[in-house]
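Here is a friendly tour of a protein model, with the cut-offs stated along the way. Have the structure open as you read.

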Amino acid sequence: MRSQGKDVWVLVPPPLPPMYAFLPGFEDIQAEPPHGIDPQLVFFFDSGNLERSGSGVRRIASHATLVNVDHHPSNSRFGDINIIDPDASAVGQTVIEMLDHFGYAITRTIATNLYVALLTDTGGFRHENTTPRALEDGARLARLGADPGHIATQVYKMRPETTLKLSGLALATMRVEMDGRLAWAKVTRRMLREANAVMAESEGIIDTLNSIAGLELAILFKEVSSDLTKISVRSRGGVDAAALCASFGGGGHIRAAGAEIEKGMEEATKLVLSAAKEAILATSSQR
Ligand SMILES: [Mn+2]
């Protein structure tokens with residue numbers, strides 16, 4: 001999967017989380033395709049829609065053959081070839097199947113990268129999508145040279161102080177409502193300045209919120225600008241997080257989803273909380 005010569009480019013929209021810098025091939029990753037190149041074949045991985053892939057690919061995607069490899073049930077099937085497996089815990093598993101099918105050996109380098117895909121998309125083998133198949137694939141990748149202890153340390157125990165500082169500031173805004181069924185918190189630009197952090201460092205905060213006993217729905221509001229707010233949603237109850245986010249133009253999985261709302265923090269918070277409360281109440285009336 002590495003860029004070999006000038007024929008293959010590996011593109012990931014920024015920001016690239018720095019904890020992944022240990023991945024073999026990380027140095028080959030580019031944000032945008034170099035100018036003047038004209039790829040005929042573009043693979044998309046783990047991208048529910050074309051917009052998620054960053055602006056760089058859109059101009060080449062207009063005439064290249066697109067292969068869309070994903071596991072989001074909400075995938076918009078934008079590819080010329082769509083390989084969508086909603087039962088895969090991580091797209092890395094679909095990649096394993098493709099490598100097996102086409103007869104490519106899984107090297108230690110490939111195993112390490114695919115293991116990280118599996119580890120992170122199952123929340124460290126803790127989410128509901130930690131299926132026997134996910135554990136079997138993890139075991140196979142470990143046998144092929146992925147080092148689970150080393151990888152877990154690199155992914156989960158290399159956080160900068162600024163990340164924890166930001167987490168502390170955000171968690172201090174936490175509100176728990178509806179008898180403990182709903183919890184939410186905010187990350188503002190002011191907190192980023194105070195913690196000397198960037199927004200990408202807020203990634204783990206939603207999972208801390210989602211660790212409260214008895215919780216059904218966790219929401220994190222992220223103030224990107226004065227008129228753009230991102231939300232991350234986690235559900236452990238009857239609410240479909242993907243459906244909730246879809247009503248704000250986003251998407252994802254039933255248990256984990258997100259959306260970008262073109263409104264300021266205050267207005268976005270009001271709208272989303274009111275929809276979230278309604279969704280929670282709707283699940284209780286179905287019981
Ligand atoms: Mn994924």
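## Where the domains meet

Eight residues of domain 1 are in contact with nine residues of domain 2, contact meaning that C-beta atoms, placed from the backbone, lie within 7 Å. On the domain 1 side, the touching residues comprise two nonpolar, five polar and one charged; here Ala, Val, Leu, Ile, Met, Phe, Trp, Tyr, Cys and Pro count as nonpolar, Asp, Glu, Lys and Arg as charged, and the others, Gly among them, as polar.

Domain 1 spans 10-156 and domain 2 spans 161-286, with bounds from an automatic or database domain assignment. Their centres, taken over C-alpha atoms, are 25 Å apart.

## About the model

This is a predicted model: local features need pLDDT of at least 70, side-chain atom pairs count only at pLDDT 80 or more, and totals for chains, interfaces and linings use all residues. Residues are numbered from 1 along each chain as its sequence is written.

## A three-stranded sheet

Three strands form an open sheet in the order S3-S4-S5, with parallel pairing. Strands are DSSP runs of E, at least two residues, numbered from the N terminus, and two of them pair if DSSP finds at least two bridges between them. Strands S3 (41-45) and S5 (81-84) each have a single partner strand, so one side of each is left without a neighbour in the sheet.

Strand S4 (residues 65-70) is joined to S5 by four bridges, and Asp70 stands opposite Ile84 in S5.

Terms used. Contact = placed C-beta atoms within 7 Å.
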